[in-house]
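Hi,

Here is the structure I said I'd pass along. Have a look when you get a minute, and then read on for my notes.

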Amino acid sequence: MHPLTSSVLFDLAFRSSTLPRQIFATKSIDKLIAESELPDRALRKSLGPVSLTALGIGAVIGSGIFTVIGVAIGGNPAALAKWSDSPVVDLILGLIHHTNGAVAGRPGAGPAIALSLVLVAIVCALTGLCYAELASMIPIAGSAYTYTYATMGELIAWIIGWDLILEYAFSNMSVSVGFAAHIVDLLDWLGLHLSPKWLSPAYLPLGLQDLAGNTIYAPGWHPGFDIPAFLVVLLLTVVLVRGIRESARTNNIMVLVKIAAILLFIGFGTSFIHPSNYHPFSPNGWTGVLAGGSIIFFTYIGFDSVSTASEECKNPCRDVPIGILATLIVCTILYVGVAVVLTGIVPWQSVAGDGAPVVNALRRVSLMPGGHRLHFVHLAVLLGALVGMVSSILVFQLGQARVWFSMSRDRLLPEVFSRVHPRFRTPAFATWVAGILVAIPSGLFDVGTFAEMSNIGTLFAFVLVSAGVIVLRYKDPTRHRGFRVPFGPVIPILSVLFCILLMAGLPAKTWLRFFIWLAIGLVIYIFYSRKRSEFYKS
């Protein structure tokens with residue numbers, strides 16, 4: 001045999017034997033904690049349970065109640081039935097019953113969004129307990145990415161890290177577009193009417209209408225750019241680069257203002273409820289309830305952001321579980337309250353595709369007979385909504401930059417992403433890159449497009465985190481856990497099943513785009529990240 005041929009065959013045999021060992025290699029939990037404490041890579045430990053809870057509430061409430069809840073209630077109706085726009089669960093049921101299964105767009109939950117929120121709350125409670133256990137064991141920046149690296153191996157860790165980048169980015173894009181819609185409402189309240197060309201996304205799948213139903217833009221693309229959405233991301237990026245302490249203090253104030261605005265909406269809105277708006281309660285049946293839950297679910301990644309910041313906690317074993325569970329309890333109560341009032345004061349169809357459903361509902365009611373007293377309530381809720389979305393963007397951008405930081409620290413991304421600012425002790429480069437990559441698309445696309453892309457990433461991350469609890473119970477049963485999920489493997493298994501069920505409520509095109517995103521990530525891992533990993537040579 002030719003010597004060159006022998007060398008090639010040996011190289012192939014070597015690679016085939018080492019590749020499986022590398023992709024399934026896990027990081028020692030003790031090593032992960034030790035690496036995070038190196039002087040040049042250590043983040044400032046300044047957060048307590050109150051700040052963590054405020055961070056979680058800032059993410060959960062700001063994005064869901066004020067923006068995406070309208071998309072969940074109204075759905076994304078279409079003129080024709082297409083498989084790409086149909087929830088996967090409908091396509092599966094169609095195959096079982098030997099029918100097409102395609103529906104005309106994603107169905108909305110209608111007033112039954114309250115049931116969707118109860119379903120989501122149950123799933124989030126199950127997943128939140130899993131997050132709490134892992135975060136109390138592995139108090140490192142990176143969240144689900146770090147947990148999977150310690151439990152399932154390098155390849156799965158890369159996949160979930162790549163997925164988290166998608167999740168955080170598209171969540172923030174969605175909220176940024178909602179922020180711009182609220183800015184438009186504020187300008188209208190002040191009597192300032194600027195060109196919608198620079199106040200709305202360039203792509204509007206349902207078009208753009210005023211409160212009277214007059215068409216401003218037809219469905220599709222139009223010349224323009226959403227400047228407020230672009231600017232708010234860049235401004236908050238500057239805040240995050242300056243440091244987590246300043247960001248957390250600012251966020252605490254924002255959360256208080258936001259909760260006050262929500263309670264104001266519920267208190268005054270209750271007297272304007274029309275029971276007829278609740279009929280039909282579930283216009284699209286359980287398919288609509290499931291699809292609504294699948295859309296609104298991504299707003300609960302607030303507690304994921306809590307665990308992402310665990311490396312900056314004073315006492316992570318105590319503070320992270322408290323922060324996660326307190327976030328879920330407070331946010332679920334507020335969500336259900338707003339959903340019941342919102343669907344009671346206006347017809348549920350009126351909020352479809354609306355980036356500012358809560359304040360626009362108040363605006364409609366204030367123009368009706370007897371609604372004049374809501375004029376200043378509308379302004380107060382509007383300002384609270386703007387504050388809420390600012391705090392949400394703040395938390396999501398913090399979480400995204402910390403994931404990039406962690407992946408870079410593990411050599412899966414370029415080293416520049418893990419460099420810490422010498423003065424502020426924050427991952428400045430990763431924060432700036434995350435800000436720019438979120439800001440530009442925010443000016444181009446609508447709330448619904450971003451929300452659908454974010455949801456599947458969120459649910460996929462929750463599946464792997466829940467599975468990680470089971471894996472660590474088997475691989476490292478004696479390790480100290482500041483918090484332990486009760487009832488053995490039952491809760492993690494239920495969490496996995498419920499998350500998969502909600503994933504099935506998403507459109508088929510969302511699954512397709514998600515698989516394409518993962519394929520791109522695998523190419524980067526195979527040809528770049530894998531060769532830089534600490535496990536490559538070993």
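Below is what turned up, going from the core to the cysteines and then to one helix.

First, a caveat: this is a predicted model.

The core. The largest nonpolar core has 139 residues, and the two that touch the most other members are Ile65 and Phe265. The top contributor to this core is helix H7 (residues 154–189), which supplies 19 residues. If you want to see what surrounds Phe265, skip its neighbours within four places in sequence and you'll find it in contact with Thr270, Val338, Val341, Leu342, Ile345, Val358, Leu362 and Val381.

The cysteines. How many disulfides does the count come to? It comes to zero. Cys124 is in none, and the nearest cysteine sulfur to it belongs to Cys499, 7.8 Å away. Cys124 is buried, with a relative accessible area of 0%. Cys130 is in no disulfide either; for this residue the nearest cysteine sulfur is again that of Cys499, at 8.8 Å. Cys130 is buried too, and its relative accessible area is likewise 0%.

Helix H4. This helix covers residues 88–96, and its buried residues are Val88, Val89, Asp90, Leu91 and Gly94. As a reminder, an α-helix has 3.6 residues a turn, so residues three or four places apart point the same way. After H4 comes His98, which has a positive phi, near 60°.

Cheers

Methods:
Residues numbered from 1 in each chain as written. Predicted model: local features only at pLDDT ≥ 70, side-chain atom pairs only at ≥ 80, totals over all residues. Heavy atoms only, no water. Buried < 20%, exposed > 50% of the residue type's maximum accessible area, 1.4 Å probe, protein only. Helix = DSSP H or I, 4+ residues; strand = E, 2+ residues; numbered from the N terminus. Core = buried A, V, L, I, M, F, W, Y, C linked by side-chain atoms within 4.5 Å. Contact = heavy atoms within 4.5 Å. Disulfide = S-S within 2.5 Å.
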